[in-house]
Amino acid sequence: MHIVLVEPEIPGNTGNIARLCAGTGMDLHLVRPLGFSTDDKYLKRAGLDYWHLVKVHYHDSFSDVRKQYKGHPFYFCTTKAAHIYSDIVYTSDAFFVFGKETEGLPESLLEDNEEHTVRIPMQAGARSLNLSNAVAVVAYEALRQNAFVDLRLAGTGFGGSDHI
């Protein structure tokens, strides 16, 4: 499975998502322009010492991602979708596409892919979840549906400790 961040702006979010990818084996795709340097200390800090476990791919445009991975299913995560993320059946080669923190995905991209847009239900009046939280919610639903294939659970996954 793959996580695609289109023009992410906040280094801490991207670092948290990189750590999630390290823990789940998902590939991380970053679509330029990025709102930070890849040398940013907050990016590195949020990803901790997991960076060597993350397969990070850089792309100059989202159309480059689509061309390179033609034939793979793409799901576009947005607050504007009709489909709830947990109502979709995901395959192990799925790509989950998220937009920048301040604007989300471009309207034209959502319109062109309306049947593949998904949302996380929220309380009325709430604009959106934090990007890294939204990625985690969708990613773990897809992993659950695929019986957590290829995940090697070495501990509890809670805060660096094997104790609950």
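Modeller: Take Phe96 first. Contact means heavy atoms within 4.5 Å. Leaving out neighbours within four places in sequence, Phe96 is in contact with Met1, His2, Ile3, Val4, Tyr75, Cys77, Tyr90, Val138 and Ala142.

Biologist: What kind of model is this?

Modeller: This is a predicted model, where local features need pLDDT of at least 70, side-chain atom pairs count only at pLDDT 80 or more, and totals for chains, interfaces and linings use all residues. Residues are numbered from 1 along each chain as its sequence is written, and side-chain values use heavy atoms, with hydrogens and water left out.

Biologist: Is Phe96 buried or exposed?

Modeller: Buried means under 20% relative accessible area, exposed over 50%, and partly exposed in between, using a 1.4 Å probe and protein chains only. Phe96 has a relative accessible area of 0%, so it counts as buried. Of the chain's 164 residues, 41% count as buried.

Biologist: How many helices and strands are there in the chain?

Modeller: Helices (H or I, at least four residues) and strands (E, at least two) are DSSP runs, numbered from the N terminus. Here you get 5 helices and 7 strands, and from the N terminus on they run β-α-β-α-β-α-β-β-β-α-β-α. Among contacts between residues at least 6 apart in sequence, 74% join residues at least 24 apart.

Biologist: Which residues have the most contacts inside the largest nonpolar core?

Modeller: In soluble globular proteins, nonpolar side chains tend to be buried together. A nonpolar core is a set of buried Ala, Val, Leu, Ile, Met, Phe, Trp, Tyr and Cys residues joined through side-chain atoms within 4.5 Å. The largest one here has 32 residues, and those with the most contacts inside it are Ile3, Leu5, Leu28, Phe96 and Phe98. Two or more residues each come from strand 1 (2-6), helix 1 (11-24), strand 2 (27-31), strand 4 (74-77), strand 6 (95-98) and helix 5 (131-145). Helix 5 gives the most, with 7 residues. Apart from this core lies another, of 13 residues, among them Val31, Phe62, Phe74 and Phe76.

Biologist: How many aromatic pairs does the count come to?

Modeller: Rings of Phe, Tyr and Trp (its six-membered ring) pair if their centres lie within 6.5 Å; planes under 30 degrees apart count as stacked, over 60 as edge-to-face and the rest as tilted. The count comes to 8. One of them is Tyr69 with Phe95, a tilted pair at 4.8 Å centre to centre and 50° between the planes. Tyr69 lies in the loop between helix 3 (62-68) and strand 4, while Phe95 is in strand 6, so the pair ties together parts 26 residues apart in sequence. Tyr69 and Phe95 are both buried. For Tyr90 and Phe96, the centres are 5.0 Å apart and the planes at 75°, so that pair is edge-to-face. Phe62, Tyr69, Phe74, Phe76 and Phe95 form one aromatic cluster.

Biologist: And the backbone? Which residues does a cis peptide bond join?

Modeller: Most residues other than glycine have a negative phi, and most peptide bonds are trans. In this chain a cis peptide bond joins Arg32 and Pro33, with omega about 5°. Pro33 is in the loop between strand 2 and helix 2 (41-47). Glu7, not a glycine, has a positive phi of about 55°; Glu7 lies in the loop between strand 1 and helix 1 and is partly exposed, with a relative accessible area of 24%. Ala147 has a positive phi of about 55° too. Ala147 sits in the segment after helix 5 and counts as exposed at 60% relative accessibility.
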